[in-house]
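Biologist: Pick one part of this model and take me through it closely. Start with the residues in it, then show me how that part sits in the chain.

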Amino acid sequence: MSALTFATVVLANPPAPAPANDLDKVQGYWKPLQCETEGKAMMPTEIMKQVTAVFDKSEYFLYFKDSKLDKDGKPIIFRLALANITLDAATAPKAITFEFADGPQKGKKCHGIYELAGNQLKMCYGPVDKPKPTKFESPAGSNYFLETWARQAK
């Protein structure tokens with residue numbers, strides 16, 4: 001009877017799942033709240049509403065939904081970029097690397113920093129031939145991109 005009680009207790013309290021890593025946490029759809037380069041907005045707020053970033057495993061996709069519809073009345077969606085990403089949560093600040101596989105940045109690499117806070121993702125990055133940013137800012141002459149994203153439902 002004692003072995004049966006032990007087996008019941010073990011089965012009733014399965015081990016807790018391992019905490020998700022940052023790559024797991026960024027998966028899904030994100031909408032921009034802030035996009036700037038060298039201290040200036042990259043696009044008007046209305047245009048930002050048409051942009052979506054998607055993290056799918058280690059791939060980063062950037063999409064733009066045109067305000068026009070195709071001949072079948074469906075939205076026209078352009079893929080602006082495809083990049084492989086690597087996150088390094090062991091550094092302070094946490095590091096991100098993009099290797100662009102498609103789009104206007106194809107063949108280029110960027111490196112930077114990121115921060116996850118609740119349903120927001122903040123990134124600051126620039127080309128690998130420049131120093132990696134150490135702060136979340138994009139001053140004039142820095143060639144850094146500063147972005148803040150909010151998690152979205154599909």
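Modeller: Let us start with two residues: Y60 is buried, and F98 is buried too. Buried means under 20% relative accessible area, exposed means over 50%, and partly exposed is in between, for a 1.4 Å probe and protein chains only. This is a predicted model, so residues are numbered from 1 along each chain as its sequence is written, local features need pLDDT of at least 70, and side-chain atom pairs count only at pLDDT 80 or more.

Now look at the rings. The structure holds six aromatic pairs. Rings of Phe, Tyr and Trp (its six-membered ring) pair if their centres lie within 6.5 Å; planes under 30 degrees apart are stacked, over 60 edge-to-face, and the rest tilted. Where do Y60 and F98 lie? Y60 is in strand β4, residues 59-69, and F98 is in strand β6, so the pair ties together parts that are 38 residues apart in sequence. Strands (E, at least two residues) and helices (H or I, at least four) are DSSP runs, numbered from the N terminus.

F98 has another ring partner. The rings of F98 and F100 have centres 5.8 Å apart, and their planes meet at 10 degrees, so this pair is stacked. How accessible are these two? F98 counts as buried because its relative accessibility is 0%. F100 has a relative accessible area of 10%, so F100 is buried as well. Now widen the view. F55, Y60, F98, F100, Y125 and F145 form one aromatic cluster.

Y60 and F98 also belong to the largest nonpolar core, which has 20 residues. Such a core is a set of buried Ala, Val, Leu, Ile, Met, Phe, Trp, Tyr and Cys residues joined through side-chain atoms within 4.5 Å. Which members touch the most others? They are Y60, F98, L121, M123 and W149. At least two residues of this core come from each of β3 (51-56), β4, β5 (75-88), β6, β7 and β8 (120-127). In soluble globular proteins, nonpolar side chains tend to be buried together.

β6 spans 94-102 and β7 spans 109-117, and K106 lies in the loop between them. K106 is exposed, because its relative accessible area is 58%. Leave aside its neighbours within four places in sequence, and K106 is in contact (heavy atoms within 4.5 Å) with F100 and A101. So F100 of the stacked pair is touched by K106. A81 is 25 residues from K106 in sequence, but their C-alpha atoms are 7.9 Å apart in space.

Next comes H111, in strand β7. H111 is buried, with a relative accessible area of 16%. Y125 of the aromatic cluster is among the residues that H111 touches, not counting those up to four places away in sequence. Others in that list include I96, T97, G126 and V128.

Now the other end of β6. P93 lies in the loop between β5 and β6. The peptide bond from A92 to P93 is cis, with omega near -5 degrees.

K57 lies in the loop between β3 and β4. Its phi is near 60 degrees, a positive value in a residue other than glycine. K57 is exposed, with a relative accessible area of 63%. N143 sits in the loop between β8 and β9. Phi of N143 is also positive, near 65 degrees, again in a residue other than glycine. At 28% relative accessibility, N143 is partly exposed.

Finally, step back to the whole chain. How many helices and strands does the chain have? There are three helices and nine strands. Along the sequence, the pattern runs α-α-β-β-α-β-β-β-β-β-β-β. The chain has 154 residues, and buried ones make up 31% of them. Take contacts between residues at least 6 apart in sequence: 38% of them join residues at least 24 apart. The pair we began with, Y60 and F98, ties together parts 38 residues apart in sequence.

How values were computed: Heavy atoms only, no water.
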